[in-house]
Amino acid sequence: MIPYGRQSISDEDIEIVKNVLRSDFLTQGPMVPIFEESVANYCGVKFTIAVNSATSALHIACLALDVGPGDVVWTSANTFAASANCALYCGASVDFVDIDPLTYNIDIQNLKYKLEIASRNGTLPKVLIPVHFAGQPADMKSISQLSREYGFKVIEDASHAIGAEYLESKIGSCSYSDITVFSFHPVKIITTGEGGMALTNNPKVAKKIRQLRSHGMTSDLEDMDFRPPLEIWNYQQIRLGFNYRMTDISAALGVSQLKKIDHFIGQRRKIALKYNESLSDLPVVLPFQSSENLSSFHLFPVRLRLNAIKRTQKEVFFDLNKNGVAVNLHYIPVYLHPYYQALGFKPGHCPNAESYYREALSIPIYPGLTEAMQNEVIRIFTNAIL
Ligand SMILES: *Cc1c(COP(=O)(O)O)cnc(C)c1O
């Protein structure tokens with residue numbers, strides 16, 4: 001079975017993890033700050049906080065921006081549920097912005113329209129969470145301009161997009177946002193097993209996220225409400241936090257994986273270019289490629305032109321799986337999940353995201369996909385839709 005995505009683990013990755021297992025620290029130890037510093041250098045950002053998943057990072061990023069009951073958070077309809085769940089964890093409510101039918105990222109016109117209405121009704125979002133879908137950067141310039149105009153904060157859900165570039169800067173530099181979040185889940189660009197990171201240039205936000213990662217505790221005397229009675233008692237809980245720490249085992253794997261990121265993205269790009277050439281005559285819409293930005297090519301979503309294909313999306317999906325190509329569907333619009341429909345969301349809320357969802361399939365793209373395997377995918381895919 002050829003999966004749609006898969007991690008690439010080398011002997012060096014295994015060696016560095018083995019060394020940690022033999023060392024004094026398994027939980028957060030010396031490798032975590034080394035990993036944090038290497039990502040900060042790579043992305044050109046001041047502060048990085050490693051955590052145990054992007055989901056955790058999104059949660060404490062929202063808390064660090066004071067999201068709470070009575071607040072509203074907006075995100076893209078075309079994303080993984082975690083981009084929206086983080087708002088609900090904080091007791092806030094959530095709403096969805098439709099996607100641009102060309103890029104599958106948040107549609108700026110729809111965003112403007114919703115903001116105008118929300119402004120009149122006094123229901124403006126506190127935070128907007130744009131998603132760089134498939135690794136293709138969202139229109140951050142417009143988003144950041146609107147954030148100043150309407151007074152909301154921005155968290156980039158860059159779970160797909162470490163290594164991607166927006167205009168002159170790396171995704172993660174937070175040039176157009178308050179916080180950026182990465183995921184290091186095995187299907188993503190680099191992996192730590194499970195893992196995530198929050199990035200920011202704001203020292204106060206960074207400090208708060210760092211405390212929330214570990215029980216809301218601080219060992220920094222200047223942050224303590226009162227001087228500890230015993231000088232040897234050197235930490236205090238000053239807010240309600242969590243155990244979202246990354247292990248040193250994971251961080252070591254991250255350090256090793258990050259060294260190969262440009263190679264990984266190069267491989268992904270090569271695969272994307274070959275799909276673009278080989279599938280261009282088929283009745284499908286290939287993913288948008290910007291000439292200004294660099295995608296990290298996390299996913300390769302193709303849209304089936306169903307009226308030309310005469311087969312249903314479901315038939316194509318099962319045909320590919322039956323023939324050894326494990327395609328996937330990214331994403332069911334979040335608000336169509338039963339949990340969200342029970343909150344009152346109804347089909348039709350974001351028409352572009354829904355029609356995309358009815359036609360899309362993500363075909364395999366990952367560094368370990370060999371040329372022979374890709375040829376096989378192309379052959380099976382072509383047979384499935386013709
Ligand atoms: C994978 C993913 C997440 C969650 O990442 P975890 O590290 O698995 O928690 C969040 N948002 C998007 C867009 C993702 O693709």
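Start by selecting Gln 211 and whatever touches Gln 211: leaving aside neighbours within four places in sequence, you'll find contacts (heavy atoms within 4.5 Å) with Gly 216, Met 217, Thr 218, Asp 223, Ile 238 and Arg 239. Before going further, note that this is a predicted model, where local features need pLDDT of at least 70, side-chain atom pairs count only at pLDDT 80 or more, and totals for chains, interfaces and linings use all residues. Residues are numbered from 1 along each chain as its sequence is written, and side-chain values use heavy atoms, with hydrogens and water left out.

Gln 211 belongs to helix 7, residues 203–213 (a DSSP run of H or I, at least four residues, numbered from the N terminus). Gln 211 is buried, at 5% relative accessible area (buried means under 20%, with a 1.4 Å probe and protein chains only).

Next, select the ligand. Around the ligand are 15 residues, and the closest are Thr 55, Asp 157, His 160, Ser 183 and Lys 188 (a residue counts if one of its heavy atoms lies within 4 Å). Zoom in on Asp 157, where a polar side-chain atom lies 2.8 Å from a ligand nitrogen. For Ser 159, a polar side-chain atom is 3.3 Å from a nitrogen atom of the ligand. Finish at Ala 54: one of its polar backbone atoms is 2.9 Å from a ligand oxygen.

How values were computed:
Helix = DSSP H or I, 4+ residues; strand = E, 2+ residues; numbered from the N terminus. Buried < 20%, exposed > 50% of the residue type's maximum accessible area, 1.4 Å probe, protein only. Polar contact = N/O pair within 3.5 Å; in protein donor to acceptor, adjacent residues only side chain to side chain.
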